[in-house]
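Biologist: Hi, could you walk me through this structure? I'd like to start with what you mean by a contact.

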Amino acid sequence: MTIDTLLYNGEFHSMDKDNSVYEALGIKDGKISFLGKDIDVQKVNVKQKIDMQGKLVLPGFVDTHLHALDYAETKKFIKLNGSESVDEVIERSKEHYKKNGLSQEWLIGWGWNQSEFKDGNDFIYKEDLDKISTEYPIILLRVCAHVAVVNSKAMELILKNEITKEAMEYIDIEKGILRESSIIVYRKALAKPTIEYIKEMILSAQEDFLKEGITQVHSADYFSAVPEEDWEKVITAYTELEKEGKLKVRTYEQCMFFIYENFEEFIEKGYRTGQGGEYFKIGPLKVISDGSLGARTAYLNEPYTDNPETRGIQILDENQLRKFFKKAKENNMQIAVHGIGDGAIEIAADILNEVNKDNLSNPMRDGIVHAQITNKRIIDKMVKGNITAYIQPVFIDSDMEIAEERLGKERTFSSYAWKTMLDEGLHISGGSDAPVVSFNILENIYFAVTSKNIKGFPEGGWMPSQKLTVDEAVRLFTINAAYQSLEENIKGTLKIGKYADIVGLERNIYNIPEDEIKDVKVSFTMVNGKIVYQKN
């Protein structure tokens with residue numbers, strides 16, 4: 001046997017159903033061609049040998065829900081994460097403007113969270129942003145991207161555009177607040193992104209993904225970085241980059257639509273789940289059913305405990321969801337629906353079971369993205385229809401500070417039910433929702449395993465009954481993720497014949513204290529048998 005590259009003297013966890021562990025792995029033509037013990041290495045002819053020096057080696061990590069282009073674009077924005085007051089938001093914005101100027105003639109920021117304010121303010125308003133400037137437009141997006149605030153100049157420009165009746169309902173002109181679908185209206189005032197600009201963002205993002213051992217992302221890209229009507233530019237950009245041999249991270253595109261007519265055009269042009277090459281594929285239809293918990297726009301069955309006047313926002317109602325889902329079903333499109341509140345999740349589960357009633361095994365693996373606020377009734381409905389869940393363990397880092405306040409004790413402690421979902425037989429995969437939060441996979445695994453925040457609190461974990469084992473958490477980002485994209489036969493485990501997408505870690509997360517998992521660094525990342533990142 002002749003192989004191109006041999007990795008030996010390592011601990012290779014295959015993540016297969018038998019939890020097989022190997023000492024050596026061989027690669028030929030970009031695929032795994034050998035697995036065995038170091039003693040067996042003498043039986044193969046090798047062009048290149050790499051000593052793993054005892055390192056833990058895993059299948060390449062997959063993030064099953066983020067926004068790659070949004071992430072790349074936010075690298076140019078004002079960084080507002082961790083701001084502890086409105087004054088700090090204002091000062092950071094002024095400093096960014098002095099140093100960097102405007103982006104597309106706007107000052108844009110991302111990452112503020114009113115829950116972190118310690119100055120007595122419960123929000124940011126137009127009058128606050130007018131203290132920065134009234135001469136140029138400003139928009140600052142909350143960390144969840146489901147709420148934003150603008151200054152007077154920005155509101156003036158936004159109102160000059162044609163705005164749908166639905167979007168207008170979510171605009172508070174006096175306070176300068178935009179919620180949900182109204183947020184993307186500001187994009188109409190910006191220059192249209194070109195295909196070359198989109199390519200630059202893709203290439204910028206992929207280098208950062210590789211540093212975290214991520215070899216594939218499931219990315220929803222038609223949102224703020226690229227207006228929905230320009231959806232085909234995204235497909236063109238990825239397709240051209242693949243032909244040019246410039247893609248290093250595989251992408252499974254979550255095709256996100258708010259407007260039914262745009263999705264109809266997508267279908268009429270012949271796009272379907274699974275189309276594409278080795279590095280870029282069309283994934284599911286992605287629709288957004290509700291908002292976020294932090295912004296109190298997640299749609300609940302009962303009112304918010306800390307604001308009984310609202311149940312959140314149902315962005316797409318039952319009839320709209322049904323219309324999208326039926327069209328997807330008729331055209332062999334997988335479905336991924338954003339659902340955070342129990343009201344939104346239950347409605348989505350009911351309609352998915354309705355459109356899939358002829359085959360509740362759910363062969364297309366339709367799923368709910370986030371699936372945060374749940375209860376036994378909802379999980380039973382998901383089990384009935386074999387509905388998958390794309391979960392984000394990293395969310396507990398911030399949500400544990402606000403969940404009980406928003407939801408009350410009973411609703412809170414029937415939620416974030418990842419272990420319950422696994423025990424009930426649901427297929428769950430892991431993601432980050434970046435740039436809302438970090439796409440550091442080791443941190444995400446830490447949150448799933450310890451149920452603590454990034455500072456290591458509370459002792460024993462916030463939701464101890466929902467903790468996952470290290471192995472269960474790793475599977476979220478390997479074989480479970482491959483299942484979610486219908487690709488478990490070509491990736492997700494270390495197995496002969498599968499892609500040689502591999503990540504090596506500096507420490508063995510199976511053998512260290514759980515609290516230290518978040519601090520482990522990626523040693524190298526390999527895609528298609530080539531090292532595409534190596535830590536210095």
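This is a predicted model: local features need pLDDT of at least 70, side-chain atom pairs count only at pLDDT 80 or more; totals for chains, interfaces and linings use all residues.

Biologist: Thanks. Which residues is Asn331 in contact with, then, leaving aside its neighbours within four places in sequence?

Modeller: Asn331 is in contact with Ile267 and Arg272, once neighbours within four places in sequence are set aside.

Biologist: And where is the place of Asn331?

Modeller: Asn331 lies in a loop, with helix H9 (318-330) on one side and strand E18 (335-339) on the other.

Biologist: Does Asn331 count as buried or exposed?

Modeller: Buried: the cut-off is under 20% relative accessible area, and Asn331 has 16% relative accessibility, so it counts as buried.

Biologist: Let's zoom out. How many helices and strands does the protein chain have?

Modeller: There are 17 helices and 24 strands in the protein chain. Its radius of gyration is 23 Å, close to the 24 Å from the globule rule for 536 residues, so the chain is as compact as a globular protein of that length. Along the principal axes, the C-alpha trace spans about 75 × 55 × 50 Å.

Biologist: What share of the residues is buried?

Modeller: Buried residues account for 61% of the 536 in the protein chain.

Biologist: What about charges? How far apart are the mean positions of the positive and negative ones?

Modeller: They are 4 Å apart, with 67 positive and 86 negative charges in the protein chain.

Biologist: Back to the inside. Which residues have the most contacts inside the largest nonpolar core?

Modeller: Phe209, Phe266, Phe325, Leu505 and Ile509 do, in a core of 119 residues. Helix H10 (residues 342-355) gives the most to this core, namely eight residues. A second, separate core has 22 residues, including Val143, Val150, Ile158 and Ile163.

Biologist: What does Phe325 touch?

Modeller: Not counting residues up to four places away in sequence, Phe325 touches Val287, Ile335, Val337, Ala348, Ile351, Leu352 and Val355.

Biologist: One last thing: which residues are buried in helix H13?

Modeller: In H13 (residues 403-412), the buried ones are Ala403, Arg406, Leu407, Gly408, Arg411 and Thr412. These buried residues pack against H10 and helix H12 (396-399).

Biologist: And how many of the contacts join residues at least 24 apart?

Modeller: Among contacts between residues at least 6 apart in sequence, 73% join residues at least 24 apart.

How values were computed: Residues are numbered from 1 along each chain as its sequence is written. Side-chain values use heavy atoms; hydrogens and water are left out. Helices (H or I, at least four residues) and strands (E, at least two) are DSSP runs, numbered from the N terminus. The radius of gyration is taken over C-alpha atoms; the globule rule is 2.2 Å times the number of residues to the power 0.38. Buried means under 20% relative accessible area, exposed over 50%, partly exposed in between (1.4 Å probe, protein chains only). Contact means heavy atoms within 4.5 Å. Lys and Arg count as positive and Asp and Glu as negative; His and the chain ends are not counted. The place of a charge is taken as NZ of Lys, CZ of Arg, CG of Asp or CD of Glu. A nonpolar core is a set of buried Ala, Val, Leu, Ile, Met, Phe, Trp, Tyr and Cys residues joined through side-chain atoms within 4.5 Å.
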